[in-house]
Amino acid sequence: MKRRKFVAGMTAAFGLAACGKETEPAKQEKIFKDKYSWNMVTSWPPNLPGLGTGANKLAEDVFKASDGRLSIKVFAGGELVPPLQVFDAVSQGTAQIGHDSSYYHRGKLPAAPYFTTVPFGMNVNETNAWLYFGGGIELWHELYEPFDLVPFPVGNTGVQMLGWFNKEISSIEDIKGLKIRMPGLGGEIMQRAGAVQVTMAGSEIFTSLQTGAIDAAEWVGPYNDVSLGLHKAAKYYYYPGFHEPGPNIECIINTEAWSSLPPDLQKILEIACQSSNLNMTSEYMWGNAVALEQLKKDPNIQLKQIPQAVFNELKKHSKNAIEDLVSGDRSSEKIQQSIESFMEKSSSNQEITELSYLDMRIRSEI
Ligand code: CA
């Protein structure tokens with residue numbers, strides 16, 4: 001049904017182009033009258049703060065900016081397709097647009113996680129710098145092109161928390177045998193360090209942690225973790241999330257649907273995605289600060305930094321995991337090189353700017 005709509009839209013556009021007698025203003029008028037109704041599938045629980053509400057806002061912005069010419073109906077995970085099948089649904093044209101995380105597609109596309117985040121990788125500012133100025137978006141488009149998908153960044157959670165633990169982590173030995181919910185490469189690294197990686201949807205974490213079915217779990221950060229009630233399921237809240245230092249969220253558009261849009265609607269969509277990136281990233285910066293204040297007042301919670309020695313050990317495992325990834329996949333190798341080359345320059349810059357400033361601001365007692 002929806003597929004027929006694109007075709008109808010495209011036929012209308014071709015019809016105009018073929019009609020040589022039509023005047024330019026008349027053509028423009030007809031193009032501006034074409035309306036497009038799209039479905040957006042997402043991997044998020046309904047109205048999840050940040051990720052879910054970000055999808056809703058993107059759709060509203062596009063509708064208003066296009067004066068109703070492009071309307072997008074948003075579906076939560078499971079409403080139209082299951083949460084982790086957004087990539088396939090948009091690739092096949094079941095839905096025209098999706099809102100998702102690229103690291104969920106790791107099984108079919110090993111390089112995909114680079115466009116969310118990789119362990120010990122870039123923070124939020126570095127991720128955006130690389131995507132918009134370092135050739136990141138171009139590499140991303142190249143990677144998704146065979147799947148008939150056009151991707152754009154639409155938000156970032158900022159550095160995540162390592163997660164909720166039922167026991168203290170004093171040395172790398174404490175990781176051994178730990179049953180932890182941590183998806184993707186982060187989970188693989190924990191597994192290399194001796195943990196047992198458990199995969200489950202966000203909605204199952206609370207019960208699994210509370211009943212002791214798992215010993216630890218990561219989700220996002222204070223803003224989203226409080227909304228799942230995780231602070232009532234475990235005592236130790238560890239930071240920082242080495243596994244997700246600057247997770248970028250993606251908007252993916254079916255290539256045929258994208259091509260059917262006139263240039264102004266394409267531009268509106270692209271700008272709305274950029275606007276969404278700023279909006280969602282700011283929402284997390286704000287929401288996490290507010291939620292953390294609430295958690296710090298709770299006497300039942302211990303906020304703890306992971307020991308440096310444990311962090312170092314995990315970084316060694318991460319280096320090996322990345323080496324294995326790039327040795328078996330040409331796309332991953334190319335993207336890793338691009339990111340590494342930027343991070344070498346950026347690390348020095350971050351050290352004398354953000355890190356130095358924040359360190360001195362926090363330490364000063366005036
Ligand atoms: Ca996470």
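Predicted model: local features only at pLDDT ≥ 70, side-chain atom pairs only at ≥ 80, totals over all residues.

Residues are numbered from 1 along each chain as its sequence is written, and side-chain values use heavy atoms, without hydrogens and water.

**Sheet.** I looked up the strand order. It is β2-β1-β3-β10-β4, an open sheet of 5 strands with mixed pairing. Strands (E, at least two residues) and helices (H or I, at least four) are DSSP runs, numbered from the N terminus. Two strands pair if DSSP finds at least two bridges between them. β2 (70–75) and β4 (149–156) are the edges; each has a single partner strand, so one side of each lacks a neighbour in the sheet.

**A strand pair.** I checked β4 next. β4 pairs with β10 (residues 248–254) in the antiparallel sense over 7 bridges. Phenylalanine 152 stands opposite cysteine 251 in β10.

**Pocket.** I turned to the second largest pocket. On a 1 Å grid over the protein atoms alone, a pocket is an open set of points where a 1.4 Å probe fits, with protein on both sides within 12 Å along at least five of seven lines; lining residues have an atom within 4 Å of a point. I noted 23 lining residues for the second largest pocket. Leu84, Tyr104, Arg181, Met200 and Ala201 lie nearest its centre. β7 (196–198) and α8 (202–211) each supply at least two residues of this lining.
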